[in-house]
There are 2 protein chains.
Amino acid sequence: MITTISDPDDPRIEGYHAVRERDLVGRHGRFIAEGEVVLSVLLQSDYEVESFLLSEKQIALAQHIRATKHNKTPIYIAAQSVMDRIVGFHIHRGILAIGKRPSTKSIDELLTGLPNNAVVLGLLGLCNHDNIGGIFRNAAAFGVDAIVMDEACCDPLYRKALRVSVGGVLKVPFSVVTNADDLASALKRHNFRMLALSPSGKTELETLTTEGRTALFLGSEGPGLPETFMANVETVSIKMQNAFDSLNVATTSGIALYQITKSLPSV
Amino acid sequence: MITTISDPDDPRIEGYHAVRERDLVGRHGRFIAEGEVVLSVLLQSDYEVESFLLSEKQIALAQHIRATKHNKTPIYIAAQSVMDRIVGFHIHRGILAIGKRPSTKSIDELLTGLPNNAVVLGLLGLCNHDNIGGIFRNAAAFGVDAIVMDEACCDPLYRKALRVSVGGVLKVPFSVVTNADDLASALKRHNFRMLALSPSGKTELETLTTEGRTALFLGSEGPGLPETFMANVETVSIKMQNAFDSLNVATTSGIALYQITKSLPSV
């Protein structure tokens, strides 16, 4: 169903109004996907889509969407100027969609049924959308089975995090748990070996051998992982030059996943 | 020399006016360093500093600077509100400095005298300041000896790139060359083995062994490295999951440097 919108106040596209302001107050079970790359991942994912809003120049994309499983989903087409007024800024590529958040999965539901050599990321207190997006991008690239987060982490389905992840957020299942302790006990229940990346970690990453289920924990760059948490897991460091032991947390996740997944036996 | 500034139009702090606008038009041989981390690297580097502009709350930092080799450099102190008006936006940490660009080093000057197991990054067409900054950060972390770039790359001393690099730009020597051909011929002249990272690279990174001088080339994420260039070097890929062969270029540099520097014999 393709509908042309000429009035920016048309109630059918209400969900696209003032995107940036709405980013801040939340969307009640919905999220915004923007741009060609994220949309392409969204179309292939199991996420439900509520509607699409495309600029006139994306009419070919509209036809393509009609040929997918989303052929019953409303597609709204607007002139670029109308679209920009709806959204509140210039949408260069003219591609937006509103997706529905799936019902929340408990961490036990998420971890049950993962393979015996599953790799899971545990994120604690990561509240920068670039970093969260970058970590999901790396997780998708290296085939991470799931990501578990504490409530201090920012929302991976936030528009910017989703964009930075180039859709990785829609590919890697995730679950949010109240705090680090609940997270750790759930992973132990499911027989995960617990590793925490830290500049002061005892084991050098390059000497690490992994087998079985592995959970890899990352904390924010400044404070890092809480000491009480670190005391109960194996700590791992990446060897660097003296006096500059400073990698971005998303880059750290990429390096650690590269090392861990290459030492895993092939499935 | 510590001087209090109360008039935002004081000619002595003219260089700090309208920082964002000036970012765009250039600074005639100068650059802006902002924040505690970058300033700390700047103070330890060989870069000349023209002046410092600090908010009143940074008086202890001003005293610290006077105790360094920069004790002859003007330090201007302003109330936060005056500082914000000078700069044109809120300078949260209240720390700025103007550094002087060193006279340009030719690539031959840069490469001469590097050790026999030197690792050099070659950057082609990277015009995103986050990526350039992230690459310099990783280069500093893994002890890269030098970075060489073509003219299509953006300026690493641009304020944002410098900030993202957490000062790495001030630690890793770099040189800019007109184009990829000049870059490649200089590296060959200096006996560098030439490797290029690409999703379609022939050698898998994890099987790579390096000895002697190594140059590692990175291109922008979309177009990648030019095919004519790739034809004349060894190409290397990072093994990823099917259908998501997509790592950010800065993350790619981190993974490749991790692998290459760990396989190098210790100096």
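A:Arg159 pairs with A:Glu34 in a salt bridge, with the closest N and O atoms 3.1 Å apart. The two residues come from distant parts of the chain. A:Arg159 sits in helix α7 of chain A, residues 159-164. A:Glu34 sits in strand β2 of chain A, residues 30-34. The partners are 125 residues apart. Are they buried or exposed? Both A:Arg159 and A:Glu34 are buried.

This is a predicted model. The pair also belongs to a network of salt bridges. Its members are A:Asp23, A:Arg27, A:Glu34, A:Arg159 and A:Arg163.

## Other salt bridges

How many salt bridges are there over all chains? The count comes to 28. Side chains of opposite charge can pair when their charged atoms come close.

One of the bridges joins A:Lys160 and A:Asp130, at 3.0 Å from N to O. This pair, too, links distant parts of the chain. A:Lys160 lies in helix α7 of chain A, and A:Asp130 lies in helix α6, residues 129-141. They are 30 residues apart. A:Lys160 has 31% relative accessibility, so it counts as partly exposed. A:Asp130 is partly exposed as well, at 37%. By contrast, A:Arg159 and A:Glu34 are both buried.

In chain B, the side chains of B:Lys239 and B:Glu206 form a salt bridge of 3.6 Å, N to O. Which parts of the chain does this pair tie together? B:Lys239 is in the loop between β12 (234-237) and α11 (249-263) of chain B. B:Glu206 is in the loop between β10 (203-204) and β11 (213-219). The bridge therefore ties together parts that are 33 residues apart in sequence. B:Lys239 is partly exposed at 42% relative accessibility. B:Glu206 is partly exposed at 25%.

## Cysteines

A disulfide needs the two sulfur atoms within 2.5 Å. A:Cys153 is buried, with 12% relative accessibility.

In chain B, B:Cys154 is likewise in no disulfide. The nearest cysteine sulfur belongs to B:Cys127, at 6.6 Å. B:Cys154 has a relative accessible area of 11%, so it counts as buried.

## The fold of chain A

Chain A holds eleven helices and twelve strands. Its radius of gyration is 20 Å. The globule rule gives 18 Å for 267 residues, and the value for chain A is close to that. Chain A is therefore as compact as a globular protein of that length. Along the principal axes, its C-alpha atoms fill a box of roughly 60 × 40 × 30 Å.

What share of the 267 residues in chain A is buried? Buried residues make up 57%. Among contacts in chain A with a separation of 6 or more, 75% come from residues 24 or more positions apart. The accessible surface of chain A is about 12000 Å². Carbon and sulfur atoms account for 49% of that surface.

## Two copies, one axis

Two copies of a chain are related by a rotation about an axis and a shift along it. Chain A can be laid on chain B by a turn of 180° and a shift of 0.0 Å along the axis. The RMSD is 0.0 Å. Such a relation is that of a two-fold axis.

The same surface serves both copies. Of the contact residues of chain A, 100% recur in chain B.

Terms used
Residues numbered from 1 in each chain as written. Chains lettered and ligands numbered in written order. Predicted model: local features only at pLDDT ≥ 70, side-chain atom pairs only at ≥ 80, totals over all residues. Heavy atoms only, no water. Buried < 20%, exposed > 50% of the residue type's maximum accessible area, 1.4 Å probe, protein only. Salt bridge = Lys/Arg side-chain N within 4 Å of Asp/Glu carboxyl O. Helix = DSSP H or I, 4+ residues; strand = E, 2+ residues; numbered from the N terminus. Least-squares fit on C-alpha atoms with pLDDT ≥ 70 in both. Contact = heavy atoms within 4.5 Å. Rg over C-alpha atoms; globule rule 2.2 N^0.38 Å. Areas by Shrake-Rupley, 256 points an atom, 1.4 Å probe, with all protein chains shown as cover.
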